[in-house]
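Work through the exercises below with the sequence and the structure in view. Try each task before reading its solution.

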Amino acid sequence: MKRKQGEVPAKRPPYGFKGVYQHFNYTRTSELKIQCFVYMLTPKSEDVKLNLKDFFNSNLTDFSYFEGFQFIESVVLKPKGKLGEYYKKYDIANNSLETNDKYCDRDIGSMTFKLASNTGTKVSIFLYPNGKMKISGFGIEVENFDTCIKSIWEAIQNKFFFDFMLYSSDGEVNYNEPEICNINATYSIEPIQGNWNQKCGAIAKSPHINRVMMPTFEIGRSAAIQCYIYPKRKSSAVFDPSGNVHLLGFKTIDELKKAKEIVKSTIETPDTF
């Protein structure tokens, strides 16, 4: 059946998700919305060595729901040094396993899987042989960020507690606190009044900004200005005359809130320069 003009397509739950799924509200408003986040989990010991092949095989019958999250899409064993390839791939929805014999004798570089909650949080996890984990995702409210980050980690830790003991040469694996690598956020403001060219020139001289990447001011090209907040860091606020704001490369919610205040102060800068 064809969709009528102007009709919003129905949102579907993630592939493999079972039950009622509530999509996260990504509508841009004046309030901060987390666009995506990335954090690392590192074992306290540098001597951890996980046997990811056995780790993967031991859970084949139990890649399912746990503590508020479900496995979605696929769980994959990736061969070392072969980006985009797989050794084994377990399809969640179809309960099927694929094996690529071409890489059966190759070392495993990572085990990857995805999780989703019925509140709209979705995360991707990369688990490495040294026990490190890279976790990235989206669908978290700003006010719930710290709580949700801890709950994701606790769910993974509880789910695989015995695997960390059984398939690690170091026995029980203890982890440091999560280390936030990146948080991107969006929000909207009122359209910026006045001459945008002049406004950008004035913003470039703002004492609140470390350095600025100016727009091209060409038709069909980006009209957004990119303001870098901290020296020697890539954290920046990108915004255009229509009032769309992206905050990129921050590490705490407090940094995001500070950046929002800086954007406000730069926009209020007089247009003359």
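## Exercise 1: The sheet

Strands β11 and β12 (residues 244–250) run antiparallel and are joined by four bridges. The model is predicted, so local features need pLDDT of at least 70 and side-chain atom pairs count only at pLDDT 80 or more, while totals for chains, interfaces and linings use all residues. Residues are numbered from 1 along each chain as its sequence is written, and side-chain values use heavy atoms, with hydrogens and water left out.

Task: Find the bridge partner of Ser 236 in β12, then give the order of the strands in the sheet.

Solution. 
- Step 1. Helices (H or I, at least four residues) and strands (E, at least two) are DSSP runs, numbered from the N terminus. Two strands pair if DSSP finds at least two bridges between them.
- Step 2. Ser 236 has Leu 248 as its bridge partner in β12.
- Step 3. The open sheet is formed by twelve strands with antiparallel pairing, in the order β4-β3-β2-β5-β6-β7-β1-β8-β12-β11-β10-β9.
- Step 4. The edges are β4 (96–99) and β9 (211–213); each has a single partner strand, so one side of each is left without a neighbour in the sheet.
- Step 5. On average, neighbouring strands of this sheet are turned by 10° against each other, direction ignored.

## Exercise 2: Salt bridges

Task: How many salt bridges does the structure hold, and which residue forms one with Glu 73?

Solution. 
- Step 1. A salt bridge is a side-chain nitrogen of Lys or Arg within 4 Å of a carboxyl oxygen of Asp or Glu. The structure holds three.
- Step 2. Glu 73 pairs with Lys 114, with 3.0 Å between the closest N and O atoms. This pair links distant parts of the chain, 41 residues apart: Glu 73 is in strand β2 (residues 70–79) and Lys 114 in strand β5 (residues 108–116).
- Step 3. Arg 233 pairs with Glu 255, the closest N and O atoms being 2.9 Å apart. Here Arg 233 is in the loop between β10 (225–228) and β11 (236–239), and Glu 255 is in helix α5 (residues 253–267), 22 residues apart. Arg 233 is partly exposed at 26% relative accessible area, whereas Glu 255 is buried at 15%.
- Step 4. Lys 264 and Glu 268 meet in a salt bridge of 2.8 Å, N to O. Lys 264 counts as partly exposed at 46% relative accessibility, and Glu 268 counts as exposed at 54%.

Key
Buried < 20%, exposed > 50% of the residue type's maximum accessible area, 1.4 Å probe, protein only. Axes fitted to C-alpha atoms, helices over the stretch in contact; angles between N-to-C directions.
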